[in-house]
Amino acid sequence: MRMLHTSDWHVGRTFHGTDLLREQAGVLSHLADLVVDEAVDVVLVAGDIYDRAVPSAEAVRVATSALRKISEAGARLVVTPGNHDSAARLGAFADFAAAGGLHLRTTVAGLHQPVVLDDEHGQVALYGIPYLEPDLARHALEVPSAKGHTGVLTEAMRRIAGDLSGRPPGTRSVVLAHAFVTGGVGSDSERTIAVGGVEQVPASVFGGIDYVALGHLHGAQRIEDNLRYSGSPLAYSFSEAAQRKSVWLVDLDAGGLAGVERRELPVPRALASISGTLGELLESAEYDEFTESFLSVTLTDRVRPVEAMRKLRERFPHAVRLDWEPEGGFAAVLRYADAVRGRSADEIAASFLADCRGAPPTEREQALLTSALEAASKHDPDRDGDIR
């Protein structure tokens with residue numbers, strides 16, 4: 001049996017305010033192409049189909065289209081919810097969807113009830129563990145003393161092991177889970193699932209399983225040969241700019257796990273970070289290659305440029321993030337009392353403007369500040385113009 005392991009689609013997510021539905025639809029359509037090209041039998045989606053519990057109609061349309069294309073390509077699907085999904089909404093029509101080959105494993109009560117598929121070597125039992133919020137799951141699992149993620153996942157795996165032990169000898173096992181396993185490396189785009197300061201669970205919790213398809217961390221990584229994260233199909237933060245997004249192709253034979261291979265996914269729009277003065281970035285041919293990239297820009301001008309993002313987008317239409325780090329650094333920060341002691345309101349306002357943009361006010365700006373402060377003082381007769 002050949003499986004394709006993916007996760008963390010986050011359909012409906014934006015990138016620094018930019019809609020990604022078109023990019024998401026394109027990458028997810030490629031999964032259907034892989035099903036055909038690689039003769040995939042089952043696609044595993046280990047959580048976070050959507051980016052929010054109540055997705056938009058457009059996000060539902062994109063996700064539904066992707067699932068339909070995968071099914072039409074000839075693969076069955078096993079899907080579990082992640083911490084961004086609403087398990088109840090995702091699994092609303094689970095019984096009907098299963099008839100068409102889409103198996104939505106969304107309930108805590110049913111996590112030990114596998115999807116059972118057959119190949120030439122016998123049965124494969126695929127168990128879907130929905131994301132388990134410890135405070136809620138410990139009661140649903142009837143283990144009120146369970147502590148944190150490790151406690152509830154340990155109980156979930158105990159129930160799975162109990163079911164597996166009663167199946168025919170030689171039954172191979174697959175588990176889908178959405179968790180932070182010790183040894184994994186996170187990025188800036190994952191929502192924390194820390195409870196009481198502890199979100200990680202040891203890999204040993206999943207012992208005895210032929211393959212564990214993990215979701216939650218957005219970078220593809222191997223924890224153990226049979227324990228892997230597929231990562232997200234798109235980069236959702238600039239910390240992922242160097243990652244090559246991919247999926248795992250997992251083969252099972254009569255003895256269990258036979259091999260795992262990586263397949264890279266297309267990149268709809270590259271991510272890049274550039275820095276320099278505004279003039280350099282707008283004029284130098286050195287930056288021509290970034291005109292179609294999502295850009296994080298750091299300006300190094302000594303004085304903060306006016307309307308910098310508008311000007312940058314004339315050359316880099318997909319610039320989405322802007323920072324200002326003047327060459328030579330910022331001036332030393334004074335304590336409030338030291339910064340205002342013995343200074344007039346005009347001096348404090350001028351100093352504030354200089355700190356914000358790296359240059360004092362012009363004569364015209366100073367006149368405007370003085371006029372505004374004088375107007376304010378008319379409504380505060382006790383104000384004497386100095387800060388004590």
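**View 1. Val11 and the residues around it in the predicted model.**
Val11 sits in a loop, the one that runs between strand β1 (2-6) and strand β2 (14-15). When its neighbours within four places in sequence are left aside, the residues in contact with Val11 are Leu21, Gln24, Leu28, Ile49, Tyr50, Asp51, Ala59, Val62 and Ala63. For a sense of scale, Glu133 is 122 residues away from Val11 in sequence, and the C-alpha atoms of the two are 21 Å apart in space.

**View 2. The packing of helix α1 against helix α2.**
Two packed helices are described by the angle between their axes and the distance between the axes. Here helix α1 (residues 21-37) and helix α2 (residues 57-72) pack at an angle of about 10°, and their axes are 8 Å apart. Since angles under 35 degrees count as roughly parallel, α1 and α2 are therefore described as roughly parallel to each other. On the side of α1, the contact is made by Leu21, Ala25, Leu28, Ser29, Leu31, Ala32 and Val35, while α2 contributes Glu58, Ala59, Val62, Ala66, Lys69 and Ile70. Sorted by kind, the residues of this contact comprise 10 nonpolar, 1 polar and 2 charged.

**View 3. The second largest pocket and its lining.**
Rolling a probe the size of a water molecule over the atoms shows where empty space is left. The second largest pocket holds about 310 Å³ of space, and 18 residues line it, with Tyr50, Val60, Arg89, Leu90 and Leu104 lying nearest its centre. At least two lining residues are supplied by each of α2, α3 (87-90) and β6 (102-104), and the largest share, 4 residues, comes from α2. The lining of this pocket is made up of 14 nonpolar, 2 polar and 2 charged residues.

**View 4. The cavity found in the structure.**
How many cavities of 30 Å³ or more does a search of the whole structure find? The search finds 1 such cavity, and the volume of the largest cavity is about 30 Å³. Its lining consists of Tyr131, Leu132, His149, Val152, Leu153, His178 and Ala179, and helix α6 (residues 148-165) provides the largest share of that lining, 3 residues. By kind, the lining of the largest cavity divides into 5 nonpolar and 2 polar residues, with no charged ones.

How values were computed:
Residues numbered from 1 in each chain as written. Predicted model: local features only at pLDDT ≥ 70, side-chain atom pairs only at ≥ 80, totals over all residues. Heavy atoms only, no water. 1 Å grid on protein atoms, 1.4 Å probe; cavity = no way out; pocket = protein on both sides within 12 Å on 5 of 7 lines; lining within 4 Å. Points joined across faces, edges and corners; volume = space filled by probe spheres on them. Nonpolar A, V, L, I, M, F, W, Y, C, P; charged D, E, K, R; others polar. Contact = heavy atoms within 4.5 Å. Axes fitted to C-alpha atoms, helices over the stretch in contact; angles between N-to-C directions. Parallel < 35°, antiparallel > 145°, perpendicular 65-115°, else oblique.
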